Each structure stands twice: as structure tokens, then as C-alpha cells.
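Welcome, and please open your viewer before reading on. We will go from stop to stop, selecting as we go.

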Amino acid sequence: MTTDMTTTEKNAAETPETTRGGRIYRPLTDIVERDGSVSLMLEMPGVTPDDVDITLDNRVLTIRGRAGQSRPEKLHLAYAEYGEGDYERSFTLSEDFDPEKVEAGMKNGLLTVTLPRAEAAKPKKIAVKSA
Amino acid sequence: MLYPTTFTSDPFALMRRMSRDFDRTFGTQATAFPQVNVWQNEEAVAITAELPGVEPSDIEIMVKDNVLTLSGERSQPDLGDDAVWHRRERGFGRFRRAIRLPFDARDDQVEARFADGVLRIAVARPEEDKPRRIEIKAA
């Protein structure tokens, strides 16, 4: 086992630092659309469901997560591949989402946000009557 | 970087150092999953790993002598055929990592916990492996 520190693969967000002293990372995200709703899946390991903050303001969806410290007691860090810190990422949405119907769930450090497309925005099929 | 021309106690030290410099330059470790942090002191070693979206039942931890193996699978969510991907950044599939411990561990001294996508493994150092202080007797 080497005692060298290596850099992490996680991407630090543009926002530099927090008042808590930790770094802010940009969570890796999958975005998939099906059955008239868009699902975002964000990787935020170390964040409990209570520490997630989701805001939708003026078409901008911002997701923040506060990660707990995993530092074990009485041990010192001998080898590091990843850094710990908070998470933050913003997405700009198109106008046809209903902010009242946004749902979010968290499991095993993976946050899933579901945004249903607004009823009014769904294409309406117009039946043609024979004259 | 200068390398010593004469071997000291460890004939493989030079090889290891060169390999480490190579890794640092070309970043071969960057693709490893999961990323791990290793913590240690005289009594124990702790390994933390970030495994977001992985079910605890899909993670397997094995200990053989001084090597701890972490393996498992990140399964892709079942979304059906009509799903349209807008962005795809996460990875899926089988993973496997071997971590060398500074001592031989027994499996009954390994404890693992998984919470919020972070895996914490604690390995206690066996009593017989701990350094013992030798008393000096008066002649």
C-alpha cells in the first residue's frame, strides 16, 4: 500500500468553496425521457435524503446535496482516490414542466428527480370530421 | 527523476517507483471503479468506497491473506424500449478491485457497512500481528 495521494475523478463545480470548508462536486447525471416525463438520476454518495435541496426557479432546476463525513475515528488517511464534499448542479428546463408535480426520491446515494411534462404542453390530436 | 543505481534492501523498490511515476504521468488509475480511500493506524485499516446506486446485496467483499477484494455489479435501471436518453454520464457493469492490506487479515475481523451509497469496511489487525514491546531485563 502506498501512502501517496492521487487526484480524484470527480469534477469540481465552478463554485469554489463552501463556508464549511469542503469542496463542491458536480454529480454525474443520467437524463432519460419516457411516458411523458423526464427523469434525472444523480450520483450523490454520502448524502442522506434529508440533506438534499431541490429548487425550481424560473426554469432553472438546482440540486444541492450536503455530504456527511466518512472519516473513521482515530485513523489517518493513507491513500486517497476521491474527495469528499458537497454536490451542486443546475439544469435549465424547457417551459413545459409543471413545478407542482416534480417528484424526487433517494436510494443508495442515487437521487432520482421526475419531472412530468405539463398536460397543456402535450400534443393534442385533432380528429378530422368528414364534412 | 533520479533512480539509485545500487539496490538497497528491496530489489523491487526501483521497479515499483518507476511504475508509480508512470501511473502518475499517464493517469492509469483514473478509470478504476469504485474509487477508494484507505485509512489506517496501528490497530486497524478502514476502506471507504463510493458506490452510488448499487444495492448492498450486489456487493461482494472477500479477504484472502492480505488482499481484500471488492467486486459486484452496477445494474442498469430497466426503463423499457421507449425511453429516450438525453444525457448519459454514469457507468454500469461489473466491477472488481483488489486492495492490499499491510497485514494478513482474517475474515472474522472484517466489518462492512453500506449507507447512502458509501461503503465502509473496517479490518482489525490480528493480535499476533501487532508489534510487541520487549522488556529489557537487568543483567
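**Where the chains meet**

Begin with both chains on screen: between chain A and chain B there are 24 residue pairs in polar contact, both residues at pLDDT 80 or more. A polar contact is a pair of N or O atoms within 3.5 Å; within protein, one must be able to donate a hydrogen and the other to accept it, and residues adjacent in sequence count only if both atoms are side-chain atoms.

Now select strands 3 (29-34), 4 (37-43), 5 (47-57), 7 (76-80) and 8 (85-92) of chain A, each of which supplies at least two residues of the side that touches chain B. Helices (H or I, at least four residues) and strands (E, at least two) are DSSP runs, numbered from the N terminus. Strand 3 of chain A gives the largest share of that side, 6 residues.

Before going further, a word on what you are viewing. This is a predicted model, in which local features need pLDDT of at least 70 and side-chain atom pairs count only at pLDDT 80 or more, while totals for chains, interfaces and linings use all residues. Residues are numbered from 1 along each chain as its sequence is written, chains are lettered from A and ligands numbered from 1 in the order in which they are written, and side-chain values use heavy atoms, with hydrogens and water left out.

Zoom out to the whole interface: 45 residues of chain A are in contact (heavy atoms within 4.5 Å) with 45 residues of chain B.

**Across the boundary**

Strands pair if DSSP finds at least two bridges between them. Here I31(A) stands opposite R87(B).

Which residue of chain A forms a salt bridge with R90(B)? Select D30(A): its closest O atom and the closest N atom of R90(B) are 4.0 Å apart. A salt bridge is a side-chain nitrogen of Lys or Arg within 4 Å of a carboxyl oxygen of Asp or Glu. The count between chain A and chain B is 6 salt bridges.

**Inside chain A**

Select R117(A) and E33(A), a salt bridge with its closest N and O atoms 3.0 Å apart. R117(A) lies in the segment after strand 10 (110-116) of chain A and E33(A) in strand 3, so the pair ties together parts 84 residues apart in sequence.

Finish with strands 5 and 6 (residues 60-67) of chain A, antiparallel and joined by 7 bridges. I54(A) stands opposite I63(A). These strands form a hairpin with 2 residues between them, and N58(A) in the turn has a positive phi of about 55°.
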